[in-house]
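This report walks through one protein model, from its surface to its ligand. Please keep the sequence and the structure in view while reading.

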Amino acid sequence: MKKTIKTLKSMKEKGEKITALTAYETLFAGLLDDSDIDLILVGDSAGMVFAGHETTIPVTMDEMIYHTRSVRRAVKNALLVADMPFMSYQTSVQDALQNAGRLLKEGGAEAIKMEGGSRIVEQVKACVEAGIPVMGHLGMTPQSVNQFGGFKTQGKKDDDAEILKKDALELEKAGVFAIVLEKIPAELAKMISEALTIPTIGIGAGPHTDGQILVTQDMLGMYEKFKPKFVRLYASMAAEIKSAVKEYAKDIREGNFPNKDESF
Ligand code: KIV
């Protein structure tokens, strides 16, 4: 069944949990869509996971459009959301509208995601009025990593928690259809989720949000150097891939690949 922003709203109303994962290209996107994931996010985490940057800051609009178009070709049922990269919307309402429009027109996204609270309310309103569904993103918003001094948990102090609650309410009022809550205390995420009529989707925000999202490559165990506390491993793909590649190389070196059946 095709999922839309309305599906997500009604899932919150019925108390059904929303499932979400990231994809940057068509192969993974198709596997996620076949597995009945509700929402696929073309995250700007592509800059780190796919392109090897230290942060999401270098990601460009053209790169996000390329990734979104690749994912679009494989997604039939999930709601397809694409990230607005750093400085594609913070600069002005006009930039936000133009760049969000490109992600829908050129990329085939059905909605876009922007990071931040009160400071992006005008951009959110303009996009929603133009018919572009917007997902919010609060807490440890990776595009602000330099302001945070690292990928640190946010909202631990009472004042910061208050600001996050206020931001969530302002975003809801501005018209976002859902909010990602990243790396904040579970109790704060619970309070925010209960205060909103739109769904919250958590990543490192505890079990009380209306849905959960992870970076696909993280939960599949494709990255061995670091595992954030909030990631649960559902596979050990890095080890499996390396073992397959070593076997392939061994077969070539020993003259066992290709054999007669694999030749013309
Ligand atoms: O860029 C991304 O992948 C994200 C998710 C982790 C929420 O924003």
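Does Ile252 count as buried, partly exposed or exposed? Ile252 counts as partly exposed because its relative accessibility is 40%, where buried means under 20% relative accessible area, exposed means over 50%, and partly exposed lies in between, with a 1.4 Å probe and protein chains only.

## About the model

The model is predicted, so local features need pLDDT of at least 70 and side-chain atom pairs count only at pLDDT 80 or more, while totals for chains, interfaces and linings use all residues. Residues are numbered from 1 along each chain as its sequence is written, and side-chain values use heavy atoms, with hydrogens and water left out.

## Overall form

The protein chain has 11 helices and eight strands, which are DSSP runs numbered from the N terminus (helices are H or I with at least four residues, strands are E with at least two). Its C-alpha atoms fill a box of roughly 65 × 40 × 40 Å along the principal axes, and buried residues make up 49% of the 264 residues.

## Salt bridges

A search of the whole structure finds 15 salt bridges, each being a side-chain nitrogen of Lys or Arg within 4 Å of a carboxyl oxygen of Asp or Glu. One of them joins Lys3 to Asp38, with the closest N and O atoms 2.8 Å apart. This pair links distant parts of the chain, since Lys3 is in the segment before α1 (5-14) and Asp38 is in the loop between α2 (26-34) and β2 (39-42), 35 residues apart. Both Lys3 and Asp38 are buried.

Asp62 and Arg102 also meet in a salt bridge, at 2.9 Å from N to O, and this pair links helix α4 (residues 61-72), which holds Asp62, with helix α5 (residues 93-105), which holds Arg102, 40 residues apart. In helix α9 (residues 186-195), Glu194 and Lys190 lie four residues apart, about one turn of the helix, and they form a salt bridge whose closest N and O atoms are 3.4 Å apart. Glu194 is exposed, with a relative accessible area of 57%, whereas Lys190 is partly exposed at 28% relative accessibility.

## Around the ligand

Which residues are around the ligand? They are Thr22, Leu41, Gly43, Asp44, Ser45, Asp83, Lys113, His137, Val180, Ile203 and Val215, where a residue counts as near if one of its heavy atoms lies within 4 Å.

A polar side-chain atom of Lys113 lies 2.9 Å from an oxygen atom of the ligand, while a polar side-chain atom of Asp44 lies 3.1 Å from an oxygen atom of the ligand. Taken alone, the ligand exposes 260 Å², and the protein buries 96% of that.

Technical notes: A polar contact is a pair of N or O atoms within 3.5 Å; within protein, one must be able to donate a hydrogen and the other to accept it, and residues adjacent in sequence count only if both atoms are side-chain atoms. Accessible areas come from the Shrake-Rupley method with a 1.4 Å probe; for residues, only the protein chains shown count as cover.
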